[in-house]
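Have the model open while you read.

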Amino acid sequence: MLTSLKGKSVVVTGASKGIGKGIAGVFAKNGAKVLVVARHLDAARAAAEEFVKAGGTASAIAGDVTSLADMEAMAKAAAERHGGIDVLCANAGIFPQAKIEDMSPEQWDEVLSTNLKGTFLAVKAALPYLKKSAQGRVVLTSSITGPVTGFPGWTHYGATKAGQLGFMRTAAIELSKYGITVNAILPGNIVTEGLMGLGEDYLKTMAASIPLKRLGTVEDIGYAALFLASKEAAYITGQSIIVDGGQILPESLEALAQA
Ligand code: NAP
């Protein structure tokens, strides 16, 4: 059994729904004090209340990852309410689809600003507190899309998700002197409000193309984050874990069909 994360202070950006909520819920269930961060306070509060009702410790704050001031307020709130920051899960991200021919520079900037600059700003703001932790951890939510695979309409998105891994490798070196590890999870297709927006057809064909024959759950990602935040993962840094039900493995449709 992993050493408990009981009492650790965990901040999760983009935690009002989807993967972030799943990550936050797994930490709350395992005794951590969780700060739920999202732009819309009502939804963030509702998620935190759910965790508290289930016996956990959680609170919420409104924050936009594209704003350094918001990220600093988030980090300060975690320190004041929960005694510091031990784990930052930089998860907030958006994935609107637009092919290159139709994509405006503004659309490109919005995705870069949220997914990539937002990762940097969250880490920068949390750093003064993570440095004081005996077990500082940064867990990024990247994706298979970008670092490993491609999908039409997601050049900007794929660039940010691959970019997060570039950020991670240097951050892992820079922060090693504080004993802080920096790792990333690369989810495949996970059932979230965001993914549902892509439509029934997308979800059905995706599930059929995954060796484990189902989309992932947000808890599948939450438990990977919990492991990377654990004491037992102390010697893992600058690495990424793919959590995708084997989606990237088949080299052809035939490989899937013959299984
Ligand atoms: P989602 O269901 O749409 O949830 C996104 C969360 O991020 C919400 O809590 C949203 O709340 C918040 N958010 C969005 N923009 C924000 C901003 N500027 N500042 C702060 N919070 C913001 O998305 P998801 O599917 O869970 O995706 C979450 C992460 O997982 C993303 O980084 C995504 O790239 C990654 N991912 C998802 C999948 C998948 O299959 N779902 C696969 C691979 C990777 P507000 O709108 O209130 O801010």
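1. Sorting the shell around the ligand by residue type gives 15 polar, 11 nonpolar and 5 charged residues. Here Ala, Val, Leu, Ile, Met, Phe, Trp, Tyr, Cys and Pro count as nonpolar, Asp, Glu, Lys and Arg as charged, and the others, Gly among them, as polar. This is a predicted model, where local features need pLDDT of at least 70 and side-chain atom pairs 80 or more, while totals for chains, interfaces and linings use all residues. Numbering starts from 1 along each chain as its sequence is written, and side-chain values use heavy atoms, without hydrogens and water.

2. The shell holds 31 residues (a heavy atom within 4 Å of the ligand). Ser 16, Arg 39, His 40, Tyr 157 and Thr 192 are the closest. Helices H1 (18–29), H5 (155–175) and H6 (193–196) each supply at least two shell residues, with H6 giving the largest share, 3 residues. Helices are DSSP runs of H or I, at least four residues, numbered from the N terminus.

3. One oxygen is 2.8 Å from a polar backbone atom of Asn 91. There is also an oxygen 2.9 Å from a side-chain N or O atom of Lys 161. The protein buries 94% of the 880 Å² that the ligand exposes when taken alone (Shrake-Rupley, 1.4 Å probe).

4. Now the aromatics: the whole structure has 5 aromatic pairs (ring centres within 6.5 Å; planes under 30 degrees apart are stacked, over 60 edge-to-face, the rest tilted). Phe 95 and Tyr 157 are edge-to-face, because their ring centres are 5.8 Å apart and their planes at 65°. This pair links distant parts of the chain, 62 residues apart: Tyr 157 is in helix H5, and Phe 95 is in the loop between strand S4 (87–90) and helix H4 (105–130).

Terms used:
A polar contact is a pair of N or O atoms within 3.5 Å; within protein, one must be able to donate a hydrogen and the other to accept it, and residues adjacent in sequence count only if both atoms are side-chain atoms. Rings of Phe, Tyr and Trp (its six-membered ring) pair if their centres lie within 6.5 Å; planes under 30 degrees apart count as stacked, over 60 as edge-to-face and the rest as tilted.
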